[in-house]
Amino acid sequence: MAKIRFITDSGSDLSLEAEREYGIVVIPFPVSFGEKTCLSRVDMTNREFYGMLEASRELPTHSQITVYQYTKLFEEAFADGVEDVINTTINAEGSGTYNSACLAAQMFFEANPQAEGRMRIHNLDGQSYTCAYGYPVEQGARMAAEGRSADEILSFMRDWLQHSVIYFAPFTLKYAAKSGRIPSAAAFVGELVGLKPIMRIHDHVIVTDDKVRGEKKAIALMAQKTAREIQPGTPYMVIYGDHPEDGEVMAKRLTEELGYPPAGMTEIGPVIAINAGPRVAAVMFHEKA
């Protein structure tokens, strides 16, 4: 059986259970609060980060994964006899991480010509955020554990990355306004009148797809949109933040609309929370081909 190693970053919000079960390498994003820098998943839990975010006067930032970090991981994989490295990164349009990985692969083979033909490096642009690329990474690792080939796994993963859609509703607009995802004036007006934007993420792009008044209507509308757009019968994931009950309500409404429950629940990490705020309700699914 071919030896395959999976790498991703902490923006994928991969569960700790999946990371441990399948030996997936998860690179933590550095998150900075002014002069203080922490590593997500290492120095703080998601819950701890939510509290830090609420208490911070300034919006924290996260840095990209470096070329050096990827080069070291590729060298370790080769030393371990890995035949295929499948590395899936956060949206290339929102971070330089994917470009770092591609440059690192080029530098690795230049420095290790003996690796040509013995190890392949597949850098995949996640094209999105959170479980939109974390889910195919976990499923790809599951397929590898079942003995499926690297090429078969890559075909599956690329299909999911190209067709994944996220609908999400931030329950407060102040973080989106600060991060630039929603213009400050529009966010201020929306907050005053109780409007909740329905954001859609697909193929690298985040857009405001709709607006509704109130959280219940936001969840209902996202479920309806999912029912119209999902590839029938395919798995979907529910996403939530610092209020797990929002995820439970989202899951119940989606189950009613689709006739079957979600494949799992994903708690957002710092990368999403910085831009959307700690409280969100969202769904990720595979769109109709």
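Which residues form one aromatic cluster? F78, F108 and F109 do.

First, the ground rules. This is a predicted model, where local features need pLDDT of at least 70, side-chain atom pairs count only at pLDDT 80 or more, and totals for chains, interfaces and linings use all residues. Residues are numbered from 1 along each chain as its sequence is written, and side-chain values use heavy atoms, with hydrogens and water left out.

Now the overall picture. The chain has 11 helices and 13 strands. Those are DSSP runs, numbered from the N terminus: helices are H or I with at least four residues, strands are E with at least two. The radius of gyration is 19 Å, close to the 19 Å that the globule rule gives for 289 residues, so the chain is as compact as a globular protein of that length. That radius is taken over C-alpha atoms, and the rule is 2.2 Å times the number of residues to the power 0.38. Along the principal axes, the C-alpha atoms fill a box of roughly 65 × 50 × 25 Å.

How much of the chain counts as buried? The figure is 53% of the 289 residues. Buried means under 20% relative accessible area, exposed means over 50%, and partly exposed is in between, with a 1.4 Å probe and protein chains only. The accessible surface comes to about 12800 Å², and 50% of that belongs to carbon and sulfur atoms. The areas come from the Shrake-Rupley method with a 1.4 Å probe; for residues, only the protein chains shown count as cover.

Next, contacts. Contact means heavy atoms within 4.5 Å. Take the contacts with a separation of 6 or more: residues 24 or more positions apart account for 74% of them.

Charges, briefly. There are 28 positive and 38 negative side chains. The centres of the two sets lie 6 Å apart. Lys and Arg count as positive, Asp and Glu as negative; His and the chain ends are not counted. Each charge is placed at NZ of Lys, CZ of Arg, CG of Asp or CD of Glu.

Back to the rings. The count comes to seven aromatic pairs. Rings of Phe, Tyr and Trp (its six-membered ring) pair if their centres lie within 6.5 Å. R118 lies in the loop between α4 (97-111) and β7 (120-125). Is R118 buried or exposed? Exposed, at 53% relative accessible area. R118 and V82 are 36 residues apart along the chain, and their C-alpha atoms are separated by 8.5 Å.

Start with T8, in strand β1. T8 is buried, at 0% relative accessible area. What does T8 contact, leaving aside its neighbours within four places in sequence? I24, V25, V26, I27, N87, T88, Y133 and V137.

Move on to S12, in the loop between β1 and α1. S12 is buried too, with a relative accessible area of 1%. With neighbours within four places in sequence left aside, S12 is in contact with T130, C131, Y133 and G134. S12 and Y133 are 121 residues apart along the chain, yet their C-alpha atoms are separated by 5.9 Å.

D13 lies in that loop as well, between β1 (4-9) and α1 (16-22). D13 is buried, at 13%. Its phi is near 55 degrees, a positive value in a residue other than glycine.

Here is another non-glycine with positive phi: D203, at about 50 degrees. D203 sits in the loop between β9 (195-202) and β10 (205-213). At 43% relative accessibility, D203 counts as partly exposed.

Last stop, K36. K36 is found in strand β4 (residues 36-39). K36 is exposed, with a relative accessible area of 52%. K36 and P60 are 24 residues apart along the chain, and their C-alpha atoms are separated by 9.7 Å.

Notes: Phe/Tyr/Trp six-rings, centres within 6.5 Å; stacked < 30°, edge-to-face > 60°.
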